[in-house]
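Visitor: I am new to this structure and would like to go through it with a few questions, so please show it to me before we start.

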Amino acid sequence: KNDPVMTEEGNNTIVKEGQGQPGENLGGDTMIEPDWNRVATVKKNYPDMLIPGYVPEGYEFKELQVEVTEAFSSFTYIYQEGDKLVKIVQLKGEGMKVIKNYDYTFETGDGIEVSLKDDEEKSANFFIGSDLCVIVGNLSDMEIGKIVDSLER
């Protein structure tokens, strides 16, 4: 309980300080998959996991981080181009109903409303079903819309 490595933030989300290593036990089911060819295999274990069908040219798949506890599930895809990162996050859990503190919204070609916050790093928040999804990275609205619409359900 008083383990200094674990902290709680927000909705009791457990955060591991430093870089998590594959196979580390963070409570619940946690894994890091660095091989894109194995993402479909991971989806067999988590059928609700979305898979991006599009990322902007130049970005390479780096890893898929999966964290599943009794309270929530988190699936994070990380793509890299040079020193730039794009993260695509899917959060499943209770209490994810409203997106607050955004600068503007737009609708994708498939009619999904995306709320954007443009700080040091641009973040796009949207819902697919009851899952809150977030795309973080300095991309154009058009690129964000393409990613949103490409998410394979």
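Visitor: Which residue in β6 does Tyr79 stand opposite?

Guide: Please keep in mind that this is a predicted model. Strand β5 covers residues 72-81 and runs antiparallel to strand β6, residues 84-93, with 10 bridges joining the two. Within this pairing, the residue of β6 that stands opposite Tyr79 is Val86.

Visitor: Which residue in the turn between β5 and β6 has a positive phi, and of about what value?

Guide: The two strands form a hairpin that leaves two residues between them. In that turn the residue with the positive phi is Gly82, and the value is about 60°.

Visitor: What is the bridge partner of Lys87 in β10?

Guide: Strand β6 is also joined by five bridges to strand β10, residues 131-136, and these two strands run antiparallel. In β10, the partner that bridges to Lys87 is Val136.

Visitor: Is Glu120 buried or exposed?

Guide: Glu120 is found in the loop that lies between β8 (113-118) and β9 (122-128), and together with Asp118, Asp119 and Glu121 it gathers in a patch of negative charge on the surface. Exposed means a relative accessible area over 50%. Glu120 has 77%, and therefore this residue counts as exposed.

Visitor: And Val114, is it buried or exposed?

Guide: Val114 is found in strand β8, and its C-alpha atom is separated by 8.0 Å from that of Gly145, which is 31 residues apart from it along the chain. Buried means under 20% relative accessible area. Because the relative accessibility of Val114 is 0%, this residue counts as buried.

How values were computed
Residues are numbered from 1 along each chain as its sequence is written. This is a predicted model: local features need pLDDT of at least 70, side-chain atom pairs count only at pLDDT 80 or more; totals for chains, interfaces and linings use all residues. Side-chain values use heavy atoms; hydrogens and water are left out. Patches are made of residues with over 30% relative accessible area and no salt bridge: like charges are joined within 9 Å, nonpolar side chains (Val, Leu, Ile, Met, Phe, Trp, Tyr) within 5 Å. Accessible areas come from the Shrake-Rupley method with a 1.4 Å probe; for residues, only the protein chains shown count as cover. A salt bridge is a side-chain nitrogen of Lys or Arg within 4 Å of a carboxyl oxygen of Asp or Glu. Lys and Arg count as positive and Asp and Glu as negative; His and the chain ends are not counted. The place of a charge is taken as NZ of Lys, CZ of Arg, CG of Asp or CD of Glu. Helices (H or I, at least four residues) and strands (E, at least two) are DSSP runs, numbered from the N terminus. Buried means under 20% relative accessible area, exposed over 50%, partly exposed in between (1.4 Å probe, protein chains only). Two strands pair if DSSP finds at least two bridges between them.
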